[in-house]
Amino acid sequence: SKPWGFEIIWSKCDKFVGKMLCINDGHKLSRQYHVKKEETIFVITGTLLLEVGMGATLQQINLKKGQSFHITPNTVHRFCAPYGDVELAEVSTPELDDVVRIEDDYNRAQ
């Protein structure tokens, strides 16, 4: 259960994980980073507002349908859907529990 929408894990093995993430209009995932996990996202539908960094180093990047972005370990990031629903494909290394939350709109544990 994801308060921002839903995700489907469509492939999982020792070397990688494939997911679909559907973010509802006006919602955001946690501002977070991963210690080991590395991921690449690809926008299927909508426009994603990707926040990278925080504070003085915050970058806001609009990714449209067909665009992708690679996120390396220890990169602070947040996926946002301020322009409407967003559907993403994500391929990552298999460390699904490697999430360090910095900020969360849904009061989930840090």
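Let me begin with charge: in this chain, the mean positions of the 13 positive and 15 negative charges are 1 Å apart. Lys and Arg count as positive and Asp and Glu as negative, with His and the chain ends not counted; a charge is placed at NZ of Lys, CZ of Arg, CG of Asp or CD of Glu.

A word on the source. The model is predicted, so local features need pLDDT of at least 70 and side-chain atom pairs pLDDT 80 or more, while totals for chains, interfaces and linings use all residues. Residues are numbered from 1 along each chain as its sequence is written, and side-chain values use heavy atoms, leaving out hydrogens and water.

Now the fold. The chain has zero helices and 10 strands, where helices (H or I, at least four residues) and strands (E, at least two) are DSSP runs numbered from the N terminus. The C-alpha trace spans about 35 × 30 × 25 Å along its principal axes. Of the contacts (heavy atoms within 4.5 Å) with a separation of 6 or more, 70% join residues 24 or more positions apart.

Of the 110 residues, 37% count as buried, meaning under 20% relative accessible area with a 1.4 Å probe and protein chains only; exposed is over 50%, and partly exposed lies in between.

Finally, two asparagines. Most residues other than glycine have a negative phi. Asn74, in the loop between strand E7 (68–71) and strand E8 (77–80), has a positive phi of about 70°. Asn107 has a positive phi of about 55°; it follows strand E10 (100–103) and is exposed, at 73% relative accessible area.
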